[in-house]
Amino acid sequence: MLAPIFFFLAFFYGYPTLSNLYNSFTDLSLLGLKRGGEFIGLRNYVELLSSRDFYRVFWNTLFWLTAVSVVLRLVLGLALALLLNSMTLRRWRLATVSRLLLLVPWATPPIVAVVVWRWLLDGRQGFVNGALQGLGLIDRPIAFLANVDVVWPSIVTIIVWNTLPLVTLTFLAGLQSVPPELEEAAEMDGAGAVQRFFHVTLPHLMPTVVVMALLLVFWTFNNFVYVWLATGAGPGLFTNVLATEIYIKGFIDFELGYSSSVGMVMAALMAVLGLVYFRFVALREFREIL
Amino acid sequence: MADLNLRRVSKRFGDVTAVAEIDLEIAHREFVVIVGPSGCGKSTLLRVIAGLEELTTGEIHVGGEPVHRTPPAKRGIAMVFQNYALYPHKTVAGNMGFALRMAKVPGPEIERRVIEAARILQIEDLLERKPRQLSGGQRQRVAIGRAIVREPKVVLFDEPLSNLDAALRVDMRVELARLHGSIDATMVYVTHDQTEAMTMADKIVVLREGRIEQVGSPMTIYHHPANVFVAGFIGSPRMNLLPGTVRATADGAVTVDVAGGLRITVPAEATGIAAGDPVTLGVRPEDLAIGPDPQGTAFDLDVYVIEPLGGETILYGQIGGQIEERIEEHDAGRLEDRAGGARTLVVKTQGGATVRNRQRVPVRVVPEVCHLFDRAGVALPRPAGAGDVTPPETEAEEPERMQGEKLR
């Protein structure tokens, strides 16, 4: 019964993958698609791995785009979820309002979000510069998306703003599933609020945190939209990441073969992550189902 | 000395009064069981004692010290939760030692006390396991272990056996009674199961709608229920409550006419009642017997349902006519709704009884075991020792409340 779907999927996954793998061993150019590329063996990979630019792209992707933004979202998401779950907010009858407000960034499509943020962060008329200057915190405007000192924090800010709600809501759901009698038992056992968090809440939330972390890494590592729309990998190629590198090499430099090899490296890294995910998350879920 | 005293303790949630002005004195090492139907406030009362709910008014004293403004952990009170509330990611030893760890007790001392508690509860070989690897009964033991390892003055139990199956419940009941003998703590136990109350308690507190209906030893509660509610709540099957009219009163005796043409003279103080007053005659199913009575205090019972339980047989019948109607009602599943109705009677006899369905049998009533309640449902005092020769009945079954009264 599943066979037709399997073949369908195999074709649409398999053919492009194999075709891309083959292309990565050629010098295929976007201008010579009809002619086809010449087989050049591992030369693309050698060039790629020996290029200093590539290590910068690699670092940008791994550290700035992925690590920083994921850790920030986990920490802020947890803090925000704790705040939203707190009795204080409930007592002020703000719980519903704050949860609705939280959804606003999430309901904003990434493209819209980035464009809005580009206006906000604009070096000449941007609101952020206006506000900071108005408060007297800075003397002259900062070109947030063009200044190498602040461009990465700026991009990360956009990513965090746009995707934090999902993280927060997921954690909030996890927090609400902490059995209240566990908290009470810990209270009877003499645990203060901080100890209750580390001995009851956080262990209960840990599986959710792990899954969320892995998913965020997946979604962010190969994300093209935020960097490309915010800076176009600039200034220069300062914020170039793997996803934008593929695009630039393939469709701006026309080097499809080289671009394919970058794609293969990226796919290999994703495969490792996939393995981790499968090992720690999916397998456990399978076991629970079976 | 760790006696527990409640003085005019009330708990209100907004307009709802869950616990109303409870006064209760519990002696050191006493095992007190608080019983009552669902929603009577018994769990709330326990949580107020624990400090998980702040009391609205009143005072709580443990060993003479006021604790009602003290945080839960500092009251010298431990609590066993209904669904165990074990920390799922900690081992059994980690669970049991957590309170000591929080109290900064040195490691070796924690270990010694955990092992000691585990020995008492016979869970020494489970100390390295996680809660999810344990059975329900084992989890329950760990939860109890976590409570006693702190050497609290008072241990509170919130329906601790309700998640266990029937056989295990009986075992744990015995275990808890044994535990009570071996540790130096006062125990307060909340349950809706009157069997647990009767078997374990030194003292039973019957609670209804946040108020104490009666406090007393199990035998006192059973033989001298203070009112119709307690009489109906304790004992299974529940006490037969028959409407009647006072015929005559004498010194220490009241003669009553009961539906079905029975006239019976019950030994009771005739305080505040006179001939013609409506009263309720209460007689426990186990105090009724099949067979004619030479003195004439017997009536005919048309049996319509027989429940053979092996060792004993429970008969449901009606005093006099209309047997057909009762059977139809029973078939329609409405019997429970009407059981305890004015003319319905439940009789508990020995297992070998040869009564058949739809048979009419004579039922003997011994006046000495009957209870009388006045118009307000308050018991007329019985002479001391009345009925005390009868052993208490301890069948686990949720009694229903006062249905017969409403139907009358």
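This is a predicted model: local features need pLDDT of at least 70, side-chain atom pairs count only at pLDDT 80 or more; totals for chains, interfaces and linings use all residues.
Trainee: Which residues touch the most other members of the largest nonpolar core?

Mentor: That core holds 50 residues. Helix 3 of chain B, residues 107–121, gives the most to this core, with six residues. The residues that touch the most other members are B:Met96, B:Ile144 and B:Leu179.

Trainee: Leaving aside neighbours within four places in sequence, what is B:Ile144 in contact with?

Mentor: Contact here means heavy atoms within 4.5 Å. With neighbours within four places in sequence set aside, the partners of B:Ile144 are B:Val80, B:Leu121, B:Phe157, B:Met172, B:Leu176 and B:Leu179.

Trainee: How many residues are in the other core, which lies apart?

Mentor: Its members include B:Leu4, B:Val9, B:Val32 and B:Tyr87. The count for this other core is 41 residues.

Trainee: What area is buried between chain B and chain A?

Mentor: The contact draws 22 residues from chain B and 14 residues from chain A. Carbon and sulfur atoms give 63% of the buried area, which is about 1600 Å².

Trainee: Which residue of chain A forms a salt bridge with B:Arg47?

Mentor: The rule finds two salt bridges across the interface of chain B and chain A. In the one formed by B:Arg47, the closest N and O atoms are 2.7 Å apart, inside the 4 Å cut-off. The partner is A:Glu184.

Trainee: Which element of chain B gives the most to the side that touches chain A?

Mentor: Helix 1 (42–50), strand 6 (77–80) and helix 2 (92–102) of chain B each supply at least two residues of that side. With four residues, the one that gives the most is helix 2 of chain B.

Conventions:
Residues are numbered from 1 along each chain as its sequence is written. Chains are lettered from A and ligands numbered from 1 in the order in which they are written. Side-chain values use heavy atoms; hydrogens and water are left out. A nonpolar core is a set of buried Ala, Val, Leu, Ile, Met, Phe, Trp, Tyr and Cys residues joined through side-chain atoms within 4.5 Å. Buried means under 20% relative accessible area, exposed over 50%, partly exposed in between (1.4 Å probe, protein chains only). Buried area is the accessible area (1.4 Å probe) that two parts lose on being put together, summed over both. A salt bridge is a side-chain nitrogen of Lys or Arg within 4 Å of a carboxyl oxygen of Asp or Glu.
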